[in-house]
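Let's walk through this structure together, one region at a time. Keep the sequence and the 3D view side by side as you read.

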Amino acid sequence: MASSPLPPTRSITASPKSALLVENDESLSNCFRRHLERDGYVVRTALNTQEGLRLFCDFKPFNVVLIDYYAPRSNGDKIDCLAPQVHGVQLAMAVRNLAPLQGIIIAALDFQGEADVPRPRELMQVSLLTETGNGQLRGLLEKMEVDRAIKALTPPELLKLQKFAERLVRGLGRRARGADWEDLLREAFLRTWIGAESRQNGRHWNKKVDFVRHLTWAMRSICDSWKRQRSNERETYLISELSTLDAEGRERTPLDYIASRRAPADQQLIDREEEDQVLALFNDDLEAKQVLRGLIDGLTNSQIKEKYRFDEKRYVAITRRIRKLLGNRAQA
Amino acid sequence: MTDKNNNDHLARITNELADSVLMLPDEAILEEISEAGADPYEEAEYTRSVLRDAFQLLENVARRLLSLGHNVNPKYWQPRRGGYHNDCLECGSSVSFTTATGEMSGEALHGRCPARDHVIRRQASRK
């Protein structure tokens, strides 16, 4: 194996998660701590920004640093909401300067929306928490985990995602409508990102599932929905545009014909022809032909392995040969 | 063999081939890319950049809306024809972006959120 220029990464699901919480209000601190611990974080708590900075320097990096916008500088400090320098913001700036990639959330519970929260330009991209409920915090934490998972993907994992997406898009044929593997992968990511806050509109990542596996499921489901949508879409025509004369010279419109539930005979022929063409490519490779025949006959991969007595290693090698030949042909 | 099966055969082959990529040992996928004449590490980083671009895309949309004072709930991005759509919670104006190009459109981008500006003016007049 060639030496990797990238540092080795551990599986995201196996990594322990840590959080630094800087909050002086006891009830809020308990509330945040409970939410974080429920999501599997080991939490260190500071009551003021000085202590927060010390803990950060001693134990950095954390998976997330959650800072109250109005956290006091030290114990006993009165909170002055009108002060031009807010200590929570100052701590966030210090953390950002010490570790630019550190995930930070600022709890700005006294504000109605993100646009209302005054902060320096450098902190414009920092996540803001404006609700005490668990939903928003969980969404923000999930997004950080997704971001972290992307950073942790190893080169082989990334290449597998790419090749997987290429295969699925190729399988869509014309229904891909110009979409390529990048579009599919991007879409899977966006669904995951939105799924961090809404399971209805996005695709929630269950952390018990490996991130690569999650993305492959998302891509498959997107392809299925593209197939369904694009098979159901019909173009609109005027009846007069579609009128034809039958053998006896009578004008007929499509409404004169009842749609058959069966696939059209010509389509069946085309499908069979395509199958024959694919199989013909492997005339010199009996094993590859057996695997393809098995797939065409509706067998699962374990049934194929059992039927032709292929062990796992052999099966992988055969599918690799198939991919290679079909890939070369597609490129040609 | 049913008609449905007949139509699904090629899709099944494609799916199986896609799955077989996931079963490959790490060394084998790196080797496969090298054999095709590409640098596997460059290819891998390109794939990561595709994911990062998607992340950046959402961030850009959010920042643009924020700079105009609009307030959209990230929960309500609805997938729609090659892109996503949402509405400002304050003024109701719509915004959408396309996944492939990142192009943003919608009335929310035409100007500042009128509802929020109204609130700001009212707060200023009270002071």
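Two residues are in contact here if their C-beta atoms, placed from the backbone, lie within 7 Å. By that rule, 52 residues of chain B are in contact with 54 residues of chain A. This is a predicted model, in which local features need pLDDT of at least 70 and side-chain atom pairs count only at pLDDT 80 or more, while totals for chains, interfaces and linings use all residues. Residues are numbered from 1 along each chain as its sequence is written, and chains are lettered from A and ligands numbered from 1 in the order in which they are written.

Let's stay with the interface for a moment. Helices (H or I, at least four residues) and strands (E, at least two) are DSSP runs, numbered from the N terminus. On the side of chain B that touches chain A, the elements giving two or more residues are α1 (3–23), α2 (26–35), α3 (40–67) and β1 (78–80) of chain B. The largest share of that side, 18 residues, comes from α1(B). Sorted by class, the side of chain B that touches chain A has 27 nonpolar, twelve polar and 13 charged residues. For this count, Ala, Val, Leu, Ile, Met, Phe, Trp, Tyr, Cys and Pro are nonpolar, Asp, Glu, Lys and Arg are charged, and the others, Gly among them, are polar.

Now look at chain B by itself. Chain B has four helices and four strands, and from the N terminus on its elements run α-α-α-β-β-β-β-α. A residue is called buried if 20 or more other C-beta atoms lie within 10 Å of its own, exposed if 12 or fewer, and partly exposed in between, with C-beta atoms placed from the backbone. Of the 127 residues of chain B, 31% count as buried.

Next, turn to the sheet of chain A. Two strands pair if DSSP finds at least two bridges between them. In chain A, five strands form an open sheet in the order β2-β1-β3-β4-β5, with parallel pairing.

You can trace the pairing strand by strand. Strand β1 (residues 17–22) of chain A pairs with β2(A) in the parallel sense over six bridges, and A:K17 stands opposite A:Y41 in β2(A). Four bridges join β3(A) to β4(A), which run parallel; here A:D68 stands opposite A:A107 in β4(A). The parallel pair β4(A) and β5(A) has three bridges, and the bridge partner of A:I105 in β5(A) is A:S127. In a regular strand the side chains alternate between the two faces of the sheet. Strand β4 (residues 104–107) of chain A is covered on both faces, with A:I104 and A:I106 buried on one side and A:I105 and A:A107 buried on the other.

What lies inside? A nonpolar core is a set of buried Ala, Val, Leu, Ile, Met, Phe, Trp, Tyr and Cys residues joined through C-beta atoms within 7 Å. The largest one has 62 residues, of which A:A165, A:L168, A:L184, A:L185, A:A188, A:M219 and A:L292 touch the most other members. Helix α6 (residues 181–195) of chain A gives the most to this core, with eight residues. A second, separate core of 34 residues includes A:L21, A:F56, A:V89 and A:V117.

Two residues link this region of chain A to chain B. Leaving aside neighbours within four places in sequence, A:L168 is in contact with A:L184, A:M219, A:R220, A:C223, B:T14 and B:A18. A:T216 is in helix α7 (residues 211–232) of chain A and is buried, with 21 other C-beta atoms within 10 Å.

Finish with two backbone details. A cis peptide bond joins A:K60 and A:P61, with omega about 0 degrees. A:R309 has a positive phi of about 55 degrees although it is not a glycine, and A:R309 is exposed, with 7 other C-beta atoms within 10 Å.
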